[in-house]
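Open the model in your viewer and keep the selection tool ready. Each stop says what to pick and what is there.

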Amino acid sequence: MQNTVYVLQLQGTGDDEYAFENAGVFTTELLALDKLANINAEYEDADMLVFTLQDETARIETHTINA
């Protein structure tokens, strides 16, 4: 049986501003996107999206796990 997981990673959240850090592991891509939206909502006062897939400050990696 194979399972797919989606790893949301954000750039610049740790000590190295260029490194990506894991923000969560999800069973669907939609859940990862929802988490990204919730994280960006925390920066609403800044009137900008801090982490975006288009600007490559966020990414979702897909991994298949064989069980």
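A patch here is built from residues with over 30% relative accessible area and no salt bridge, and nonpolar side chains are joined within 5 Å. Keep in mind that this is a predicted model.

**Stop 1: the surface patch**

Select Leu30, Leu33 and Leu53. These three form a nonpolar patch on the surface, and together they have about 250 Å² of accessible area. Leu30 sits in helix 1, residues 29-41. Is Leu30 buried or exposed? Its relative accessible area is 57%, so Leu30 is exposed, the cut-off for that class being over 50%.

**Stop 2: the core**

In soluble globular proteins, nonpolar side chains tend to be buried together. Which residues make up the largest nonpolar core? Select Tyr6, Leu8, Leu10, Phe26, Ala32, Leu36, Ile39, Phe51, Ala58 and Ile60: these are its 10 residues. Colour by element next. Strand 1 (2-11), helix 1 and strand 3 (58-66) each give two or more residues to this core.

Centre on Ile60. Setting aside neighbours within four places in sequence, Ile60 is in contact with Tyr6, Val7, Leu8, Glu29, Ala32, Leu33 and Leu53. Two of these contacts lead back to the first stop: Leu33 and Leu53 belong to the surface patch.

**Stop 3: the aromatic pair**

A pair of aromatic rings is described by the distance of the centres and the angle of the planes. The structure holds one such pair. Select Tyr43 and Phe51. Their ring centres are 6.1 Å apart and the planes stand at 75 degrees, so the pair is edge-to-face. Check each partner in turn. Phe51 is buried, at 7% relative accessible area, and is one of the core residues. Tyr43 is partly exposed, at 35%.

**Stop 4: the salt bridge**

How many salt bridges does the structure hold? There is one. Show the side chains of Arg59 and Glu61, which meet in it at 3.7 Å, N to O. Arg59 is partly exposed, with a relative accessible area of 33%. Glu61 is also partly exposed, at 27%.

**Stop 5: a positive phi**

Most residues other than glycine have a negative phi. Finish on Glu56. Its phi is near 60 degrees, a positive value in a residue other than glycine. Where does Glu56 lie? Look in the loop between helix 1 and strand 3. Glu56 counts as exposed, at 58% relative accessibility.

Key:
Residues are numbered from 1 along each chain as its sequence is written. This is a predicted model: local features need pLDDT of at least 70, side-chain atom pairs count only at pLDDT 80 or more; totals for chains, interfaces and linings use all residues. Side-chain values use heavy atoms; hydrogens and water are left out. Patches are made of residues with over 30% relative accessible area and no salt bridge: like charges are joined within 9 Å, nonpolar side chains (Val, Leu, Ile, Met, Phe, Trp, Tyr) within 5 Å. Accessible areas come from the Shrake-Rupley method with a 1.4 Å probe; for residues, only the protein chains shown count as cover. A salt bridge is a side-chain nitrogen of Lys or Arg within 4 Å of a carboxyl oxygen of Asp or Glu. Helices (H or I, at least four residues) and strands (E, at least two) are DSSP runs, numbered from the N terminus. Buried means under 20% relative accessible area, exposed over 50%, partly exposed in between (1.4 Å probe, protein chains only). A nonpolar core is a set of buried Ala, Val, Leu, Ile, Met, Phe, Trp, Tyr and Cys residues joined through side-chain atoms within 4.5 Å. Contact means heavy atoms within 4.5 Å. Rings of Phe, Tyr and Trp (its six-membered ring) pair if their centres lie within 6.5 Å; planes under 30 degrees apart count as stacked, over 60 as edge-to-face and the rest as tilted.
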